[in-house]
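Here is a short briefing on selected features of a predicted model. Please read it alongside the sequence and coordinates.

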Amino acid sequence: MKKTVAVFFGGQSTEHDISIMTAVGSVIKPLELSKKYIVIPVYITKKNKWVTGTALKDIKTYQSAKIDELIQKSKPVQVTFDNGLTINKQKIDVAFPAMHGSYGEDGSLMGLLRMANVPFVGSDMDASVIAMDKVLSKQVAEANGIPTSKFAFLSRDEFAADPKGQTKRVAKALVYPLFVKPAHLGSSIGITRVTTLDELYNAIEVAAFYDEKIIVEEAVNNLIEVTVPIIGNEEPRAALVERPLVTAGDFFDFETKYINGGGKKSGAKSGAQGYSELPATLPGKLYDESVGVALKVYKAIGLSGIARVDLLIDEKAKKVYFNEVNPLPGDLYRHNWRAAGVPSVMLVDELVRYAEERFATRNALQTTFDSSFLRQF
Amino acid sequence: MKYYFSRYFLSYPRVLLYMLQDTEYKLVPYLDWVHRTDDFRLVIKRRKLVLTKKVRLLLVTLRLISFALFVSVTATIIYGIATQNGWWIAGGVVLALVAPFVLSHGLLLPLYIGYILIQKPQERRIIRKARKVLNEHQGVRIVVAGSYGKTTAKETLLSVIGAGMKTAATPGNMNTAIGISRFAMKLKGDEEVLIFELGEEREDDIRPLAELVQPDIALVTGINESHLVNFKSLNRTAATILAVADFVKPEDLYLNGESSLVRKYKQSGGQLFSQKGVGSWKVTNASTAMTGTKFTLSKGEQKIRASTGLIGLHTVGVTVAAAVIAIKLGVSTKKIEEGLKNVKAFEHRMEPRLFHGAWLIDDTYNGNSDGVKAGLEFLKEQKAKRRIYVTPGLVEQGDKTQEVHEKIGEQIATSADVVVLMNNSVTGYIMNGLDRKKFEGQLIIEDDPLFFYTNLDQFVAAGDVVLMQNDWTDNYR
C-alpha cells in the first residue's frame with residue numbers, strides 16, 4: 001500500500017522561492033516517480049496561508065499568475081492532530097519538510113511535527129535549532145574538539161545600544177579580514193567580507209537588519225571552500241566532497257549560488273547551485289579529512305536524515321575547519337548524490353526510511369508514567 | 001461512452017489526421033485505433049501533427065465537412081422545432097450522434113480518391129523512370145534485406161566501401177519501391193557502387209524491389225518475427241526475404257549465420273557470416289565496450305585491424321561481411337580500416353551516451369527480438385552499479401506475441417538489476433518470463449512512458465548503465 005507523504009514548502013522565509021524549487025523538483029517529483037507514495041503538497045505562502053492542491057506539484061504554477069489566483073481561491077488546509085497528522089481528512093504517514101531558513105529549517109516546523117507525533121524527514125527540532133544557529137553550532141563543534149575559525153558574536157540589541165563600542169570589541173578580538181553573517185540565515189544572505197573597522201560597522205548593521213544575532217568570523221588563509229552532503233541517522237554516510245568555484249577573494253554568496261549560476265569556470269561541472277568541482281581535487285589526505293570532519297560535525301550536532309556540512313581548508317597548513325551546517329540543503333544537493341551513485345528517487349526513499357527509523361526509536365522511549373500524585377488532593 | 005463527447009471538440013479533425021499520419025496512412029491500423037479510442041483529447045502525446053501539403057488539404061476538407069454537418073444538424077433541429085415535427089428533431093439528434101463517425105470514416109474517401117487519381121499514377125511514373133535509370137547505371141548494386149539490422153548493415157557497407165570507391169546508399173528508411181526510385185532519380189551516374197536497403201512488411205515485398213534494383217551482391221541480416229502480424233507465418237517471412245537469393249550468384253550472397261531462422265530456411269549456396277568470420281576470413285581478439293568494438297580479421301597474410309564505434313559483439317558479423325565485400329570489390333585493407341573507424345553508432349540504435357554520470361544506451365529504434373537479445377547480452381556483460389533495462393516490448397509479433405515476450409522476460413531476468421516496463425498489452429507476458437526465471441531485482445511498471453523518459457534524470461546516477469530498447473508510438477497500446 002502506498003504511503004501518504006505531506007511535503008511542506010514555501011514559508012515566511014527569505015528562501016521561500018528556493019524552497020519551492022527544492023520541493024517541486026527534488027522532493028515531490030522523485031517521490032511520485034518511485035510509485036511508492038501519495039504526495040500531498042502543503043504550500044505555505046509568504047503571508048502564512050497554508051494551501052494544498054495538485055496544481056502545487058507543477059513548477060509552472062509558480063512561474064505564472066496562476067499561483068496568486070490559486071492562493072486566493074483555496075481554502076486554508078485543515079489540520080487535525082489525532083495522535084498523528086491529518087491534512088484535509090487525509091492521514092499523513094510521513095511529513096517531508098522542504099522549507100529552508102526561518103520556521104522551516106530552524107526547528108519550528110520540526111517542533112510542530114514532533115508534537116503531532118508524525119515521522120518527519122530531516123533533523124529533529126533540537127539539532128535543527130543548533131544547526132541553524134551559526135554561533136551555537138560552532139560552540140558545539142569546539143566542545144567536541146572540531147576546529148573552527150576564530151569568531152565573536154553579538155545581538156542586535158547589544159549593537160543598537162552601543163554600535164561603536166560593540167564594533168570595537170569584536171574588532172579587538174579578531175584579526176582581519178573578517179566575515180560578518182546573520183547567525184540564523186542560510187543561502188549566504190547578508191554576508192559581508194570586511195577589512196576595516198568602518199566596513200565592519202556597516203556590515204554588522206546590514207546583518208542586524210536580517211537577524212537578531214550576528215556572528216563575525218576570522219577568514220581562513222590559503223582558503224579552499226568545500227561542502228559535504230550527508231544522509232543517515234546513527235550511521236551517516238557522505239556523498240562527494242564538492243568545491244564550489246568562486247573568484248579569488250570572493251565567497252559563495254546568494255547571488256553566486258542562485259542568480260548568476262555560479263559563474264562558469266573552465267573545467268568545472270554544473271551543479272544544482274552553480275559551477276563546482278565534483279569531486280573536489282584536494283591535496284594529500286585533505287579529501288578524506290574533510291569527510292571525517294563533516295561526519296564528526298553531523299554526529300556532534302545530532303543531525304539526522306540529511307544535511308550538508310560546509311568546511312574551510314587552509315591549503316598550506318593542511319587544516320580543515322568547520323564553517324557551518326545546512327540541515328536542509330537546497331535541491332537536497334541531488335546533483336552531488338547522483339554523482340555519488342544515488343539517484344533522486346532512491347535519495348527521497350532513503351530519507352523517508354530514515355524518518356520512520358528515527359520515529360520508531362523515539363517512540364520506543366517512555367515519555368509518560370502513571371502516578372497517583374493528583375489523587376492525593 | 002463517458003468520453004463520447006470528446007469527439008465534438010474543435011481539435012477532433014486534427015486528432016484524426018494525427019492518427020492517420022502516425023499509422024502511415026494505413027487503413028487497418030488507423031481504423032483499429034479510431035475504434036478502440038475512448039477519449040480523443042488524450043490521443044496526441046508523443047509528437048505533433050506534421051502539417052504537410054496533404055495534411056493541410058485534408059484538414060481543410062475535414063473542417064468543411066464538420067461545418068456542413070453542424071449546419072445540417074442545427075437546421076434539421078430548428079426546422080423540427082418550428083414545425084413541431086418530432087421526426088425532424090430526432091433526425092437532427094441522430095445526425096449529431098453519427099457526425100463523428102462520418103468524419104473519421106469519411107476522411108478516407110478523399111484520401112482514397114487522391115491516392116487513385118494522383119498519388120498512384122505519379123508513383124508509377126517515378127518508378128518507371130527509375131527502372132530506366134537503374135538499367136543504364138554501371139555501378140555495382142548491393143542490396144541489404146532482413147527482418148532487422150538493415151540500416152546498420154547498409155551504413156557500415158557505405159562507410160567501408162565508400163572509403164575506397166564512389167558509393168551511394170538509400171538514405172534513412174527509403175526502402176520501398178517509391179523510396180528507392182526517388183533515390184535512383186537523384187543519382188549522378190558516376191557512382192561505382194550503389195547500396196539499397198530493401199524493406200519488407202508483407203509477403204513477396206522483396207521480389208519486386210530486387211527486380212527493380214537487379215542486385216549483384218546481397219546481404220541478409222537475419223530473419224525473425226518482425227511484422228509477423230502481416231506475414232502470418234515465419235515460412236512466409238523467410239521466403240519473402242530469401243527471395244534475394246534468386247537475383248545473385250551463390251558466392252555473392254552473404255547470410256547472417258547467427259540468425260537461426262536464416263540457417264533453417266536458407267537454400268544451398270551463400271556464405272554465412274558471423275562473429276567468427278566468413279569463409280576463410282577469421283576473426284580473432286574481438287572485444288566490445290561503450291566506446292566501440294575491436295577485432296582482427298585475417299586470411300593468411302592478409303590482416304584487417306577493425307575498430308568501429310558500434311557496441312556489442314553481435315555487430316562483428318555484419319562488419320566482417322562489409323569488409324569482405326569491400327575486399328571483393330577491390331578496396332584496399334588500409335582504406336577498409338579507415339572506413340571502419342568512421343562507423344559510429346547510429347541514431348537510436350545501440351547509441352551510447354553519458355547522462356548525468358550514467359551510461360545511457362539508446363536503442364529505441366530497435367523493434368525485434370534479435371536486437372533485444374543482443375542488447376541484453378551486452379547489458380549483462382557491463383560492470384555497473386545497476387544495470388537498468390527499459391522497454392515497452394515489441395509490436396507486430398502476431399501469434400508469437402506471448403512466446404516472444406515471455407522469452408524476452410527470461411532474458412531480462414538474467415541481464416538486468418532494474419526493469420522498467422511501459423504498461424501495455426505485452427507487459428504481462430514479459431512479467432511471466434521474469435517470474436519463470438525468478439527475477440529478484442526491482443521491477444517498475446510505468447503507465448506514462450513520456451513522464452518516465454522526461455524524468456529519467458531522477459532515476460539514474462553515476463555508475464548506472466541504462467539500456468532503453470524500443471519505443472511504441474501512440475497508435476500501439
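A:Glu350 sits in helix α13 of chain A. This residue is partly exposed, because 18 other C-beta atoms lie within 10 Å, and the buried class starts at 20 or more. As the model is predicted, local features are given only where pLDDT is at least 70.

**Around A:Glu350**
- A:Glu350 and A:Ile231 are 119 residues apart along the chain.
- Their C-alpha atoms are separated by 8.6 Å.

**Helix crossing in chain A**
- Helix α13 covers residues 344-363 of chain A, and helix α1 covers residues 16-33.
- The two axes come within 8 Å and cross at roughly 95°.
- Angles of 65 to 115 degrees count as roughly perpendicular, so α1(A) and α13(A) are roughly perpendicular to each other.
- On the α1(A) side, the contact is made by A:Ser26, A:Val27, A:Pro30, A:Leu31 and A:Leu33.
- On the α13(A) side, A:Ser344, A:Val345 and A:Val348 make the contact.
- By class, this contact of α1(A) with α13(A) has six nonpolar residues, two polar ones and no charged ones.

**Domains of chain B**
- Chain B is divided into domain 1 (4-106), domain 2 (136-341) and domain 3 (351-469).
- The C-alpha centres of domain 1 and domain 3 of chain B lie 38 Å apart.

**Hairpin in chain B**
- Strand β11 (residues 351-355) pairs with strand β12 (residues 358-363) of chain B in the antiparallel sense, over five bridges.
- B:Pro352 stands opposite B:Ile361 in β12(B).
- β11(B) and β12(B) form a hairpin, with two residues between them.
- In the turn, B:His356 has a positive phi of about 50°.

How values were computed. Residues are numbered from 1 along each chain as its sequence is written. Chains are lettered from A and ligands numbered from 1 in the order in which they are written. This is a predicted model: local features need pLDDT of at least 70, side-chain atom pairs count only at pLDDT 80 or more; totals for chains, interfaces and linings use all residues. Axes are lines fitted to C-alpha atoms, for helices over the stretch in contact, and angles run from 0 to 180 degrees between N-to-C directions. Helices (H or I, at least four residues) and strands (E, at least two) are DSSP runs, numbered from the N terminus. Angles under 35 degrees count as roughly parallel, over 145 as roughly antiparallel, 65 to 115 as roughly perpendicular and the rest as oblique. Two residues are in contact if their C-beta atoms, placed from the backbone, lie within 7 Å. Ala, Val, Leu, Ile, Met, Phe, Trp, Tyr, Cys and Pro count as nonpolar, Asp, Glu, Lys and Arg as charged, and the others, Gly among them, as polar. A residue is buried if 20 or more other C-beta atoms lie within 10 Å of its own, exposed if 12 or fewer, and partly exposed in between; C-beta atoms are placed from the backbone. Domain bounds come from an automatic or database domain assignment. Two strands pair if DSSP finds at least two bridges between them.
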